[in-house]
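This report goes through one protein chain, from its overall build to single side-chain pairs. Please keep the structure open while reading.

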Amino acid sequence: DDPVGWVKDGNFTNIYDYGLGIWWSKTDRPLLASVEQSNPELFEKALRGYHDRVVAAGGTLYFPIPKLDNAADQQFAETLIATSGDMPCFCDPAGGITAPAPGIAALLKLKTKHPALYQNSLRRQIHTSDPHLYAVERYAAGNSERLLLIFNFSAQPVKATVDVGAVHGSRYTDLLTGTPVPVSGYHLPVSLDGHGYRILQVEGYSTGSH
């Protein structure tokens, strides 16, 4: 069914994100496929087709944490869910995960402090120079905050650039370390370990204008 109808006509306020995976299907699981295949476009396509439409209609989403065989993949998948705008649900004892992977609890605490990571925030993909490097600009619902999130979908280290020419920002600060991030022209150089990520605060624009 079209989830927009559930929000607009059914008055659902929080919906299972079937775009990231259908729990009873062994094949229709874009989140798992994107992590296992190191392919961020599968993840992006899933969010655009379901998540973004629900948020635009005024709803929010949640997603139970799936169980992966590889510990690094598990942590990365949980990182993606925690920062996607979905509410992670550690609520599936029948083969799922009931407790966060290492480092995820701190990330969830960070989420509570930053409206650009809330369930009602908006997002758009930003171009990068490497197919394994995935960047997303996130906007708080009231335009009070912008964040630039960068993920390495590869298990190997990546050195590449993010095209910030389309980002209306003059200052980028690493949210986890508090250090400024230099930009060369319209290119933001990034060096990430396998399945690494960065969360950058974007500043330098007037609130409410883009």
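The sections below cover the overall build, the cores, the strands, the aromatic pairs and the disulfide.

## Basis

The model is predicted: local features need pLDDT of at least 70, side-chain atom pairs count only at pLDDT 80 or more, and totals for chains, interfaces and linings use all residues. Residues are numbered from 1 along each chain as its sequence is written, and side-chain values use heavy atoms, with hydrogens and water left out.

## Overall build

The chain holds five helices and 10 strands (DSSP runs numbered from the N terminus; helices are H or I with at least four residues, strands E with at least two). Its radius of gyration is 17 Å, close to the 17 Å that the globule rule gives for 210 residues, so the chain is as compact as a globular protein of that length. The radius is taken over C-alpha atoms, and the rule is 2.2 Å times the number of residues to the power 0.38. The C-alpha trace spans about 45 × 40 × 25 Å along its principal axes.

Buried residues account for 49% of the 210 residues. Buried means under 20% relative accessible area, exposed over 50%, and partly exposed in between, with a 1.4 Å probe and protein chains only. Of the contacts (heavy atoms within 4.5 Å) between residues at least 6 apart in sequence, 65% join residues at least 24 apart.

## Nonpolar cores

A nonpolar core is a set of buried Ala, Val, Leu, Ile, Met, Phe, Trp, Tyr and Cys residues joined through side-chain atoms within 4.5 Å. The largest has 29 residues, and Leu31, Phe43 and Leu80 have the most contacts inside it. Helices α2 (30-36), α3, α4 (71-83) and α5 (104-113) and strands β5 and β6 (146-152) each supply at least two residues of this core. Its largest share, five residues, comes from α4.

Leaving aside residues up to four places away in sequence, Leu80 touches Leu31, Val35, Phe43, Phe151 and Phe153. A second, separate core has 17 residues, among them Val162, Val164, Val181 and Leu200.

Strand β7 (residues 158-163) pairs with β9 in the antiparallel sense over six bridges; pairing requires at least two DSSP bridges between the strands. Ser191 in β9 has Lys159 opposite.

## Aromatic pairs

Rings of Phe, Tyr and Trp (its six-membered ring) pair if their centres lie within 6.5 Å; planes under 30 degrees apart count as stacked, over 60 as edge-to-face and the rest as tilted. By this rule there are 13 aromatic pairs. Tyr16 and Tyr62 are edge-to-face, 5.6 Å centre to centre with 80° between the planes. Tyr16 is in strand β1 (residues 14-16) and Tyr62 in strand β2 (residues 60-64), 46 residues apart. Tyr16 counts as buried at 12% relative accessibility, and Tyr62 as partly exposed at 27%.

The rings of Phe43 and Tyr134 have centres 5.9 Å apart and planes at 75°, so this pair is edge-to-face. Phe43 lies in α3 (residues 40-56) and Tyr134 in β5 (residues 133-139), so the pair ties together parts 91 residues apart in sequence. Both residues are buried.

## Disulfide

The whole structure has one disulfide (cysteine sulfur atoms within 2.5 Å). Cys89 and Cys91 form it, with their sulfur atoms 1.8 Å apart. The link is right-handed, with 135° about the S-S bond. Cys89 is buried, at 18% relative accessible area, whereas Cys91 is partly exposed at 39%.
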